[in-house]
Amino acid sequence: MTWIFFTFLAAFMQAWRNAFQSQLSKEVNIAGVTLARFIWATPIAMAYLVGLYTWQPVGLPFITLKFTAYVLGASAMQILATALMVKLFKMKNFAVGAGLAKSEAIVAAILGVVFFGTELSLLGWLGVLIGGIAVFMLSSKGGVKQLSLATVLLGLACGAAFALTSLWVREASLNLDLPFPHRAAWVLLFVIAIQTTILLIYSTLVDKTTLEGLIQRPKLTLLTSATSCIGSIGWFSAMSLQAVPYVKTLGQVEVFFTLLIAMLWLKDKVKIKDMLALILIAVAAILVMWS
């Protein structure tokens with residue numbers, strides 16, 4: 001069950017990456033926080049790939065048009081998803097924003113069934129329903145009567161963008177005839193390099209203050225990039241071995257890491273209702289996983 005190890009690694013690192021991004025979002029604009037996720041990730045991903053080839057030498061990948069399309073789609077969608085998540089952080093506190101973004105698992109399950117041939121049992125669909133209820137609970141500022149539709153829609157859009165990213169990453173990985181860690185590492189390097197290039201060009205031409213803001217916060221920027229890259233290594237490796245809905249639903253363990261970080265490090269005040277909703281998301285993940 002190697003994919004389970006990589007999923008737990010990814011969930012743990014992603015919780016910390018979200019925490020660092022949440023802190024950075026208080027001092028830097030959305031474009032800057034998004035760029036911080038990728039700016040140091042390319043050399044880390046390259047070092048990881050070199051390490052894999054040193055450990056187990058194999059051939060180079062054969063790049064097809066289909067692979068290229070999946071990589072480009074995943075790269076663009078992940079940038080969009082990250083920007084939407086940062087906007088969520090600005091609307092709600094850290095734990096709630098991350099919880100809303102975890103609608104990714106629900107959307108991935110639905111898209112997986114409809115477009116990628118994944119089968120879910122009745123128990124699995126029950127998990128999807130519980131997860132949906134939890135997302136609405138997290139979006140409510142004062143109960144169902146005061147439900148924030150804007151926050152719900154933003155959270156679902158963020159989750160959908162992350163879900164499409166994951167599904168396309170898996171398809172790209174399956175298009176390479178290499179051992180799973182190598183094909184995952186190649187996809188990761190291509191995706192991160194494309195994202196970094198796009199964001200650097202945008203920042204240089206449109207918003208030079210973004211780069212200046214990151215340069216002035218080197219430690220937080222490096223921590224964001226490093227945890228993001230290590231988390232992506234976990235996600236990409238797990239998704240090379242297992243279908244996305246299963247990986248992402250097991251990855252819901254991230255909500256517990258998120259809650260602990262929010263309370264102990266960021267000093268966020270998490271309401272009982274929000275805690276219950278996060279637990280419900282975890283229950284949904286377990287149900288879908290068991291299915």
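Which residues of helix 13 (residues 254-264) are buried? In this predicted model, the buried positions are Glu254, Val255, Thr258, Leu259, Ile261 and Ala262. Viewed down the axis of helix 13, these buried residues fall within an arc of 170 degrees, so they line one face of the helix. The spacing has a simple background. An α-helix has 3.6 residues a turn, so residues three or four places apart point the same way.

Helix 10 spans residues 208-215. The axes of helix 2 and helix 10 come within 9 Å. They cross at roughly 55 degrees. The crossing is right-handed. Helix 2 contributes Ala31, Gly32, Leu35 and Ala36 to the contact, and helix 10 contributes Thr210, Leu211 and Leu214. By class, this contact has 5 nonpolar and 2 polar residues, with no charged residues.

Helix 1 covers residues 2-24. Its axis and that of helix 2 come within 9 Å and cross at roughly 145 degrees. This crossing, too, is right-handed. On the helix 1 side, the contact is made by Arg17, Gln21 and Leu24. On the helix 2 side, Val33, Ala36 and Arg37 take part. The contact of helix 1 with helix 2 has 3 nonpolar, 1 polar and 2 charged residues.

Methods
Residues are numbered from 1 along each chain as its sequence is written. This is a predicted model: local features need pLDDT of at least 70, side-chain atom pairs count only at pLDDT 80 or more; totals for chains, interfaces and linings use all residues. Side-chain values use heavy atoms; hydrogens and water are left out. Axes are lines fitted to C-alpha atoms, for helices over the stretch in contact, and angles run from 0 to 180 degrees between N-to-C directions. Helices (H or I, at least four residues) and strands (E, at least two) are DSSP runs, numbered from the N terminus. A crossing is left-handed if the near helix is turned anticlockwise from the far one by less than a right angle, and right-handed if clockwise. Contact means heavy atoms within 4.5 Å. Ala, Val, Leu, Ile, Met, Phe, Trp, Tyr, Cys and Pro count as nonpolar, Asp, Glu, Lys and Arg as charged, and the others, Gly among them, as polar. Buried means under 20% relative accessible area, exposed over 50%, partly exposed in between (1.4 Å probe, protein chains only). The arc is that of the directions from the helix axis to the C-beta atoms.
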